[in-house]
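Please load the model in your viewer and keep the selection panel at hand. The stops below proceed from a single residue to its surroundings and then to the remaining elements.

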Amino acid sequence: MLPALLTLGATRWEAAHQTIKEALRTGMIPTINSMMVMGLVSLPGMMTGQILAGANPSDAIRYQIVIIFAQAAGVAIATMGVVILAFLVLFNRNHQLTNLLRKLG
(Lines give C-alpha, C1' and ligand atoms only; values in the text may rest on other atoms or scores of the structure.)
Protein backbone atom coordinates (compact mmCIF):
# COMPACT_ATOMS: atom_id res chain seq x y z
CA MET A 1 0.00 0.00 0.00
CA LEU A 2 2.84 2.42 0.81
CA PRO A 3 4.49 2.17 -2.62
CA ALA A 4 1.12 2.60 -4.32
CA LEU A 5 0.35 5.77 -2.38
CA LEU A 6 3.82 7.15 -3.03
CA THR A 7 3.44 6.34 -6.73
CA LEU A 8 0.19 8.28 -6.81
CA GLY A 9 1.90 11.37 -5.41
CA ALA A 10 1.30 11.12 -1.67
CA THR A 11 3.92 12.54 0.66
CA ARG A 12 5.81 10.17 2.91
CA TRP A 13 3.62 11.19 5.85
CA GLU A 14 0.38 10.69 3.93
CA ALA A 15 1.56 7.27 2.78
CA ALA A 16 2.73 6.07 6.19
CA HIS A 17 0.13 7.74 8.43
CA GLN A 18 -2.17 4.71 8.80
CA THR A 19 0.74 2.33 9.35
CA ILE A 20 2.19 4.62 12.02
CA LYS A 21 -1.15 4.78 13.84
CA GLU A 22 -1.41 0.99 13.82
CA ALA A 23 2.18 0.59 15.05
CA LEU A 24 1.60 2.98 17.96
CA ARG A 25 -1.64 1.27 18.91
CA THR A 26 -0.05 -2.18 18.71
CA GLY A 27 2.91 -1.06 20.80
CA MET A 28 0.64 0.20 23.58
CA ILE A 29 -1.70 -2.83 23.75
CA PRO A 30 0.23 -4.79 26.46
CA THR A 31 0.53 -1.73 28.70
CA ILE A 32 -3.15 -0.83 28.36
CA ASN A 33 -4.15 -4.44 29.05
CA SER A 34 -2.06 -4.55 32.22
CA MET A 35 -3.57 -1.24 33.35
CA MET A 36 -7.10 -2.62 32.89
CA VAL A 37 -6.62 -5.43 35.39
CA MET A 38 -4.38 -3.60 37.85
CA GLY A 39 -5.96 -3.63 41.27
CA LEU A 40 -8.86 -5.87 40.21
CA VAL A 41 -7.07 -9.10 39.39
CA SER A 42 -3.56 -8.41 40.61
CA LEU A 43 -2.42 -6.51 43.65
CA PRO A 44 0.74 -4.61 42.75
CA GLY A 45 3.77 -5.28 44.91
CA MET A 46 4.46 -1.72 46.03
CA MET A 47 0.86 -1.13 47.08
CA THR A 48 0.68 -4.42 48.99
CA GLY A 49 4.00 -3.74 50.71
CA GLN A 50 2.91 -0.30 51.83
CA ILE A 51 -0.40 -1.56 53.18
CA LEU A 52 1.31 -4.41 55.08
CA ALA A 53 3.80 -1.89 56.50
CA GLY A 54 0.92 0.15 57.95
CA ALA A 55 0.57 2.93 55.38
CA ASN A 56 -2.78 4.46 54.59
CA PRO A 57 -4.38 2.31 51.82
CA SER A 58 -5.55 5.37 49.86
CA ASP A 59 -1.98 6.73 49.82
CA ALA A 60 -0.65 3.36 48.71
CA ILE A 61 -3.19 3.27 45.88
CA ARG A 62 -2.26 6.80 44.79
CA TYR A 63 1.43 5.92 44.67
CA GLN A 64 0.67 2.81 42.64
CA ILE A 65 -1.44 4.81 40.17
CA VAL A 66 1.41 7.28 39.70
CA ILE A 67 3.83 4.41 39.04
CA ILE A 68 1.47 2.80 36.52
CA PHE A 69 0.96 6.08 34.65
CA ALA A 70 4.72 6.74 34.63
CA GLN A 71 5.26 3.26 33.22
CA ALA A 72 2.63 3.83 30.52
CA ALA A 73 4.16 7.21 29.64
CA GLY A 74 7.59 5.62 29.31
CA VAL A 75 6.24 2.92 27.00
CA ALA A 76 4.40 5.53 24.92
CA ILE A 77 7.51 7.70 24.54
CA ALA A 78 9.67 4.69 23.66
CA THR A 79 7.13 3.44 21.12
CA MET A 80 6.87 6.86 19.48
CA GLY A 81 10.64 7.13 19.38
CA VAL A 82 11.06 3.79 17.64
CA VAL A 83 8.30 4.54 15.14
CA ILE A 84 9.71 7.99 14.32
CA LEU A 85 13.23 6.61 13.89
CA ALA A 86 11.91 3.85 11.62
CA PHE A 87 9.97 6.44 9.62
CA LEU A 88 13.10 8.55 9.17
CA VAL A 89 15.16 5.53 8.10
CA LEU A 90 12.55 4.15 5.70
CA PHE A 91 11.89 7.37 3.79
CA ASN A 92 14.25 9.93 2.30
CA ARG A 93 13.62 13.66 1.88
CA ASN A 94 12.29 13.13 -1.63
CA HIS A 95 9.38 11.07 -0.24
CA GLN A 96 10.82 7.81 -1.55
CA LEU A 97 11.22 4.48 0.18
CA THR A 98 14.88 3.76 0.83
CA ASN A 99 16.52 0.49 -0.02
CA LEU A 100 17.42 -0.94 3.39
CA LEU A 101 19.28 -3.89 1.92
CA ARG A 102 21.71 -1.51 0.28
CA LYS A 103 22.25 0.33 3.60
CA LEU A 104 22.75 -2.87 5.57
CA GLY A 105 25.06 -4.52 3.05
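**First stop: valine 83**

Select valine 83, which is buried at a relative accessible area of 14%; buried means under 20% relative accessible area, exposed over 50%, and partly exposed in between, with a 1.4 Å probe and protein chains only. The model is a predicted one, in which local features need pLDDT of at least 70 and side-chain atom pairs count only at pLDDT 80 or more, while totals for chains, interfaces and linings use all residues. Residues are numbered from 1 along each chain as its sequence is written, and side-chain values use heavy atoms, with hydrogens and water left out.

Valine 83 belongs to helix H4; helices (H or I, at least four residues) and strands (E, at least two) are DSSP runs, numbered from the N terminus. Now display the surroundings of valine 83. Residues up to four places away in sequence aside, valine 83 touches Ile20, Ala23 and Leu24, where contact means heavy atoms within 4.5 Å. A C-alpha to C-alpha distance drawn from valine 83 to leucine 24 gives 7.4 Å, although 59 residues separate the two in sequence.

**Second stop: threonine 79**

Move along helix H4 to threonine 79. Is threonine 79 buried or exposed? Threonine 79 is buried, its relative accessible area being 13%. Beyond its neighbours within four places in sequence, threonine 79 has contacts with Ala23, Leu24, Gly27 and Met28.

Show H2 and H4 together. Their axes lie 10 Å apart and the packing angle is about 155°; axes are lines fitted to C-alpha atoms, for helices over the stretch in contact, and angles run from 0 to 180 degrees between N-to-C directions. H2 is therefore roughly antiparallel to H4; angles over 145 degrees count as roughly antiparallel, under 35 as roughly parallel, 65 to 115 as roughly perpendicular and the rest as oblique. The crossing of this pair is right-handed: a crossing is right-handed if the near helix is turned clockwise from the far one by less than a right angle, and left-handed if anticlockwise.

To view the contact, select Arg12, Trp13, Ala16, Ile20, Ala23, Leu24, Gly27, Met28, Thr31 and Met35 in H2, and Ile68, Phe69, Ala72, Val75, Ala76, Thr79, Met80, Val83 and Phe87 in H4. Coloured by class, this contact of H2 with H4 shows 15 nonpolar, 3 polar and 1 charged residues; Ala, Val, Leu, Ile, Met, Phe, Trp, Tyr, Cys and Pro count as nonpolar, Asp, Glu, Lys and Arg as charged, and the others, Gly among them, as polar.

Which residues form the largest nonpolar core? Select Leu6, Ala15, Ala16, Ile20, Val83, Phe87 and Phe91, the 7 residues of this core. A nonpolar core is a set of buried Ala, Val, Leu, Ile, Met, Phe, Trp, Tyr and Cys residues joined through side-chain atoms within 4.5 Å. Helix H2 (12-37) and helix H4 (57-90) are the elements that give two or more residues to this core, and H2 gives the most, with 3.

Within this selection, centre on leucine 6, in helix H1 (residues 2-7). Leucine 6 is buried at 17% relative accessibility. Its contacts, leaving aside neighbours within four places in sequence, are Thr11, Arg12, Ala15, Phe91, His95 and Leu97. Leucine 97 stands 91 residues from leucine 6 in sequence, yet their C-alpha atoms are 8.5 Å apart. Turn next to phenylalanine 91, which touches Leu2, Leu6, Arg12, Ala16, Gln96, Leu97 and Thr98, again without residues up to four places away in sequence.

Select histidine 95 in the loop between H4 and helix H5 (100-104). Histidine 95 is partly exposed, at 34% relative accessibility. Its phi is near 60°, a positive value in a residue other than glycine.

Finally, show helix H3 (residues 45-52) with H4: their axes come within 9 Å and cross at roughly 160°. H3 is thus roughly antiparallel to H4, and the crossing is right-handed. The contact of H3 with H4 comprises 8 nonpolar, 2 polar and 1 charged residues.

**The whole chain**

Zoom out to the protein, which has 5 helices and 0 strands. Of its 105 residues, 17% count as buried.
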